[in-house]
Amino acid sequence: MTTDVIAPATAIRVGFVGSGFMASVHSRAARAARAELGGAASSSEASAADAAMRLGLDRSYVSVAELLADDDIDIVHICTPNTTHAAFALAALDAGKHVICEKPLATTVTDAATLTERAAQRGLTATVPFIYRYHPMVREARARVAAGEVGRLLTIQGGYLQDWLAEPHADDWRVDVGLGGPSRAFADIGSHLVDLLEFVTGDTIARLSAATRTVHSQRGGRADVATEDLVALVVELSGGAVGTLLVSQVAPGRKNSLVLEIAGTAESIRFDQERPEELWLGRRTGSERVLRDTDSLAASAARLSLVPAGHPMGYQDAFNAFVADSYAAVDGAEPDGLPRFADGLRAVRVTEAVLASAASGQWVEVAG
C-alpha cells in the first residue's frame, strides 16, 4: 500500500524568478503537484524566454516587476543568486504572492527576520526548500527519536561533503561574495545539515565553535576568494547533547554525501542521503538496517513513500513532496514538517554564528 502527499484543492498558477538548475528542479516539482506553470522572469528578457521554452512554461516576462504585477500568479518560486533572495521575496510578499524561496533565505539575519515577519503579517505561505526533510526515512528517524526509542540524546556526528569545487580552476557565481553572500559552503550546504539535525532530533544548537578554511584563494580568473571552502564545528544542543559537524565543497570523490548519525542511551540512528532507502540502527547487542517499506513505517514516513519497497526514491521525489506541501499550505492545510521562512531565518542565524565563531576563535551562542 502507498499513500500520497497532500495535493492542493484548487488550481494554483505559479511563476519562477531565475532560469538555472534550481528553476528546473522547481518547475518539475510544480508540474508534479499539478500547478499551472505560468511563466518566468530572469536576469534578461532573452534568458527568461529561454527558460520558458526549456521548462515548458506558458510565457516569459520582461522583468520581475511584470511577473509580480500579474494577478493570475498565485505563488512565486525564487531561484536566483543568494544576495537577490531578500529583495525578490519581499517584493513578492508585498505584491500579495505566496513565496517559495531558495536558501539561504537571506544573507543577513536582519533581512531574514524582515521576510519572516512580513509573511506572517500578510498571512501568506512562505517556505524554504530544506527538502531532505522529505525523504521518508528521515521522517522515520524523526518519529523514532520522538517516540523515545533512541533514549536520551548523547552525541551527534554529521557531515555534508561535496567535491565540485575541489580543483583550483573550478568556479561558480557562489564564490563571488556579491552574489553568494559572506558564507558559501556553510550557507549553501551546511544549512541543510543543521536543519536536518534539528528537525530529526527536535532539539536546537545552543552554542558552537567553528573553524573555516579557504583552500583555493584564487579560482580561474578570480583572485582573492573570500568565502570558505570548508567548515568544521563543534556544537552543543539545548538538551545537552554534543556533536561534531564537517562541511566541505572540496572533498574529492564525495558528490553529495549528507550523513547524520545520532547516538542516544538506547540506540543510534544513521541516515545517509546517498543511501536514502535505509536507516542504520545501532545497538549494544546488535545492529540492523531498516529499509523503506510503507507497511512498517511511521505514518509521517509512510505518507511520503509513494512507490512500493524496493523501488528507489530520491532527491526529486523529496523536492516534489516539499512543493506539494507548500501548495497545500496555500489552500489552508498544515502539513507536518513544512519548512517555512522561520526555518530559513533559523539557518541564517546559525550561519551568522558560524562566521562569528570562526572570526573570533571563540564559542558563540546561537540566538533564537
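A: A cavity is defined on a 1 Å grid over the protein atoms alone as a set of points where a 1.4 Å probe fits but cannot get out, whereas a pocket is an open set with protein on both sides within 12 Å along at least five of seven lines; lining residues have an atom within 4 Å of a point. The model is predicted, so local features need pLDDT of at least 70 and side-chain atom pairs count only at pLDDT 80 or more, while totals for chains, interfaces and linings use all residues. Residues are numbered from 1 along each chain as its sequence is written, and side-chain values use heavy atoms, with hydrogens and water left out.

Q: Which residues line the second largest cavity?

A: The lining of the second largest cavity is formed by Asn82, Arg174, Gly180, Ser183, Arg184, Ala187 and Asp188. This lining holds 1 nonpolar, 3 polar and 3 charged residues (nonpolar: Ala, Val, Leu, Ile, Met, Phe, Trp, Tyr, Cys and Pro; charged: Asp, Glu, Lys and Arg; polar: the others, Gly among them).

Q: What is the division by class in the lining of the largest cavity, and which residues form that lining?

A: By class, the lining of the largest cavity has 8 nonpolar residues, no polar ones and 1 charged one. Its residues are Val138, Ala141, Leu196, Val200, Leu260, Ile262, Ile269, Arg270 and Phe271.

Q: Which helices and strands each supply at least two residues of the lining of the largest cavity?

A: Helices H6 and H8 do so, as do strands E11 (257–264) and E12 (268–272). Helices (H or I, at least four residues) and strands (E, at least two) are DSSP runs, numbered from the N terminus. The largest share of this lining, 3 residues, comes from E12.

Q: How many residues line the largest pocket, and which lie nearest its centre?

A: The largest pocket is lined by 33 residues, and those nearest its centre are Phe21, Met22, Glu102, Trp173 and Arg174. Arg174 also belongs to the lining of the second largest cavity.

Q: How many aromatic pairs does the structure hold?

A: A pair of aromatic rings is described by the distance of the centres and the angle of the planes. The structure holds 5 aromatic pairs (rings of Phe, Tyr and Trp, its six-membered ring, with centres within 6.5 Å; planes under 30 degrees apart count as stacked, over 60 as edge-to-face and the rest as tilted). One of them joins Tyr132 and Tyr160, which are edge-to-face, 6.1 Å centre to centre, with 80 degrees between the planes. This pair links distant parts of the chain, 28 residues apart: Tyr132 is in the loop between strand E6 (126–127) and H6, and Tyr160 is in strand E7 (residues 153–161).

Q: Which peptide bond is cis, and what is the phi of Arg34?

A: Most residues other than glycine have a negative phi, and most peptide bonds are trans. In this structure, the peptide bond from Lys103 to Pro104 is cis, with omega near 0 degrees. Pro104 is located in the loop between strand E5 (98–101) and helix H5 (109–122). Arg34, although not a glycine, has a positive phi of about 65 degrees. Arg34 is found in the loop between H1 and strand E2 (36–41).
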